[in-house]
Amino acid sequence: MRKVLGTFCAESRNGTMIILEGMSDLPFGTNLIVKVHAPGKAVREATAIKDRLHSRALTPMLIEGFLLVGMEKSDLEGGTQIEFCTDAA
């Protein structure tokens, strides 16, 4: 499982962008099935799409971003973790 470091909403997209610690070789733009483990809530299944994060040129990228389709920012409280349901994570 990977810890959610931050969340933000993009009005033009149906869902919430999340920033996860660490890097993976998961493909960009592909629907990935994940389990969302939020403290005090039932585990929910969602679709995640890896997306590029904009960062400062000199900052090493040890994080990556995903769009959680249909998820609200309020569903992703502090301490939320994401579990990828694929061998590629």
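A: Ser24 is buried, at 18% relative accessible area (buried means under 20%, exposed over 50%, partly exposed in between; 1.4 Å probe, protein chains only). This is a predicted model: local features need pLDDT of at least 70, side-chain atom pairs count only at pLDDT 80 or more, and totals for chains, interfaces and linings use all residues. Residues are numbered from 1 along each chain as its sequence is written, and side-chain values use heavy atoms, with hydrogens and water left out.

Ser24 sits in the loop between strand 2 and strand 3 (strands are DSSP E runs of at least two residues, numbered from the N terminus). Not counting residues up to four places away in sequence, Ser24 touches Arg2, Lys50 and Glu64 (contact: heavy atoms within 4.5 Å).

One reaches the backbone nitrogen of Leu26 at 3.3 Å. The other is a polar contact with the side chain of Glu64, at 2.7 Å (N or O atoms within 3.5 Å, one able to donate a hydrogen and the other to accept it; residues adjacent in sequence count only if both atoms are side-chain atoms).

Glu64 is itself buried, at 3% relative accessibility. Arg2 is buried too, at 12%. Their side chains meet in a salt bridge, 2.7 Å from N to O (a side-chain nitrogen of Lys or Arg within 4 Å of a carboxyl oxygen of Asp or Glu). Arg2 lies in strand 1 and Glu64 in strand 5, so the pair ties together parts 62 residues apart in sequence. Salt bridges that share partners join Arg2, Lys50 and Glu64 into one network.

Conventions
Helices (H or I, at least four residues) and strands (E, at least two) are DSSP runs, numbered from the N terminus.
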